[in-house]
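Welcome, and thanks for taking a look at this one with us. Please open the structure alongside the text and follow the parts as they come up.

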Amino acid sequence: MNAFKLAAQLRAFLPSEAVLHEIEDVRPYECDGLSAYRQLPMVVALPQTEEEVVEIVRVCHAADVPIVARGAGTGLSGGALPLSEGLLLSLAKLKRILEIDPVARTARVQPGVRNLAISEAAAPYGLYYAPDPSSQIACTIGGNVAENSGGVHCLKYGLTVHNILRLRVVTVEGDILEIGSDGLDAPGYDLLALMSGSEGMLGIVTEVTVKLIPRPEKAQVVLAAFGDIRAAGNAVANVIAAGIIPAGMEMMDQITTRAVEEFIHAGYNLEAAAILLCESDGGAEEVAGEVRRINEIMTKSGAIDIRISRDEVERLRFWAGRKAAFPAAGRISPDYYCMDGTIPRKNLASILSGIEALSAKYGLRCMNVFHAGDGNLHPLILYDANRPGELELTEEFGARILQMCIEAGGTITGEHGVGVEKINQMCAQFKPRELEIFHAVKAAFDPSGLLNPGKAVPTLRRCAEHGAMHVHQGKEKFPELPRF
Amino acid sequence: MQYLTDQLSVKIRDAARERKPVRIRGGGTKDFYGHVTPLDNHSGLSVVLDPTAYTGVVDYEPTELVVTARCGTRLTELEAELSKHRQMLAFEPPHFGPGATIGGCVAAGLSGPRRASAGAVRDFVLGVRMLDGKGDDLSFGGRVMKNVAGYDVARLMAGSLGTLGLLLEISLKVLPLPAMELTLRIPQNEAEAIRRMNLWAGKPLPVSATCFYGGELMLRLSGAEPAVRAAHAIIGGEELSGAAEFWSSVREQQHAFFLTGKPLWRLSVKSTTPPLSLPGTQLIEWGGALRWLAADDEGEATQVAVRNATNSAGGHATLFRHAGSSLAVFHPLAPGLMKITRRLKEKFDPDGILNPGRMYPEF
């Protein structure tokens, strides 16, 4: 089917401004947050109701047109990269908060509602939605479900999969599924788990019921500096061993602190090999007690410098540097390439020395920021795409890092998703029979294979090569968004 | 240990070739759960697969908050090992007998009193190694907290009652034991108890379990001492002695409420659902989201009343314990969900040999 014919069919029930196919109109949809990959979609549809979504899916299903669903398009792995012969289904206009139930502590929202908007709507009741991906001012809850998004607080408060109760999903066959329930579980298989992180390949989410939790009374952060990375890694383990689950636990290496301090002035110790940010939240007395214990543990673990946030302003300043790590990479290098591996934390020191060795070998600098509590590492490889051959070297460097993560018992993606970016690394992580099971799961939901085909799970044939996230200075899709 | 998994795999392969049903059975502590099908080991009509020899903790790093154990590992042993390091399975699983294994625990997908505050079994599953219906040895998820590579097949296994595969090894997130626990006893009527459970859950209070029965609300606080003390001052009530025994009796269904021998329904509903008027007596857990009904009878009319009540409360009902009833155990699925459920079953178990009929009579 060609663009004109598809657009005409869609305009039979959609307002004409909700169907785009002129090149200049579809251009804004050519990529998501991973702008290195671009592709114009054949047609863009912007439904406003679930009925319209169902109709669109019916038309596409009948005409065998593939569908790529998209929320705010802030994803970092190319999961919402359009297909030249496909429909780009934007759910951004389904953005109503349908119900906040402060007593049952739930919010029922449409998929295009922004993550932060949920917490804002719940705030008058002393409640909030816990998962807080760094892009939360812009990213949508539908996209969060598709990526199983986390955030800096996920060790304590969980990922999207732990914080959603129910989904309404339109299948490619036009069925409307109610997955999950208003209770705490549902009969049959746990399809809610399958939907979380399914990257738009199983169904189109049209409604999400999320859990809201009470906002803690107080939060305080301990900023500890360490003379070497190993000591910092041990400090994290010592905090956990003491029975403390911090609300947030973040690590940065020296090259990162130096890069951010230059323009954020967070007050980091620049002589330190690594710094740790360890946050406690809860009741006032509880936080006071926990912060005292964290302070003692950091001291015993060999911290060379410890500061405790005295007030909210200082707490936010300590965090500001961490949150500026990605922009800082963009300041000190024309391009950077962000990895997203997760490792068992005990292997941190060996992975970091491995990265250091690779850095020397390839002659490329690498900044390391680390969600230390949950083992999710973001090495940012600094390079210049204008230097011939440097991009290829960078990709090789990145692939070697992910390979190390797999060998260390970890995974190729902790939170950014596979999308198109890491599809080749899936071949390294999974055996052919396991990939076959993934294809089978998709086929159970989407027998026609029309939902976001070619993403997330490689065909067995394809298993080769590698890729990763590139951000070219000045060409980022959302330069204003925080990324951490 | 590899020879054990090879043996299990061969048994599944042979059964698949001969299309013989395979009954997966570990400690046998949950034989009552689901559609009960007779075990048949001798007539050659079905194969009983007992993986309890495949036992032991494969990997446990307390500072990683992750434990990996083989399916036959006894729950009591695993929990004892964790408690040496002052850690726990935070979903507080029921054992229903000393033989309970971690494989059965995850396959049954049942969680205990801490579920409403800490999460369910599936929330703590990080990875599995399993044999599917072809006997193929597959691994999904991993031993790390965050992992979005591929569909979350590991969590799908929780509660699938062995109908999709035999779990060989399971990696679970563990959490520290709370520094302090205190249970409060508050005399209350049912409607007010439901209201309060929801009210307190909406405040930053360390409530870790609730149970209402016979005009009394029991409420457990868990956490750092200052937090527990402060919450006690806000909530009031008198401190219950023998609290550990009390919660264990609720979790293991040894509490007097569960010992009547009547058919037991498990109703999972929206936590704010007002008192449900049904024939029998009730015990409420999970802040109002779980209602146990010891029903007066096993009749069709009671079933209809229970299913209707849960439907309008946004939930579902399970006939949890019964005396050989012919009623459907699990809540009927909507046609769209049933379609996908059947297809998933066909993909994981093409010959339909794994625990057939245990979950839904159709497969």
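This is a predicted model: local features need pLDDT of at least 70, side-chain atom pairs count only at pLDDT 80 or more; totals for chains, interfaces and linings use all residues.

## A sheet in chain A

Strand β8 (residues 164-170) of chain A and strand β10 (residues 204-211) of chain A run antiparallel and are joined by six bridges.

## Where the chains meet

Now let us turn to the contact between the chains. It takes 80 residues from chain A and 66 residues from chain B. Which element gives the most to the side of chain A that touches chain B? That is α17(A), with nine residues.

Several other elements of chain A each supply at least two residues to this side, including α9 (229-241), α11 (284-300) and the strand β9 (176-180). By residue type, the side of chain A that touches chain B divides into 37 nonpolar, 25 polar and 18 charged residues.

## Chain B as a whole

Chain B has a secondary structure of 11 helices and 17 strands. Its radius of gyration is 21 Å, close to the 21 Å that the globule rule gives for 363 residues, so chain B is as compact as a globular protein of that length. Taken along the principal axes, the C-alpha atoms of chain B fill a box of roughly 65 × 50 × 35 Å.

Of the 363 residues in chain B, 54% are buried. If you look at contacts in chain B between residues at least 6 apart in sequence, 71% of them join residues at least 24 apart.

## Domains of chain B

Chain B is divided into domain 1 (2-176), domain 2 (180-251) and domain 3 (256-321). How far apart do the C-alpha centres of domain 1 and domain 2 of chain B lie? The separation is 31 Å.

Where these two domains of chain B touch, six residues of domain 1 are in contact with seven residues of domain 2. On the domain 1 side, the residues divide into two nonpolar, two polar and two charged.

How values were computed
Residues are numbered from 1 along each chain as its sequence is written. Chains are lettered from A and ligands numbered from 1 in the order in which they are written. Helices (H or I, at least four residues) and strands (E, at least two) are DSSP runs, numbered from the N terminus. The radius of gyration is taken over C-alpha atoms; the globule rule is 2.2 Å times the number of residues to the power 0.38. A residue is buried if 20 or more other C-beta atoms lie within 10 Å of its own, exposed if 12 or fewer, and partly exposed in between; C-beta atoms are placed from the backbone. Ala, Val, Leu, Ile, Met, Phe, Trp, Tyr, Cys and Pro count as nonpolar, Asp, Glu, Lys and Arg as charged, and the others, Gly among them, as polar. Domain bounds come from an automatic or database domain assignment. Two strands pair if DSSP finds at least two bridges between them.
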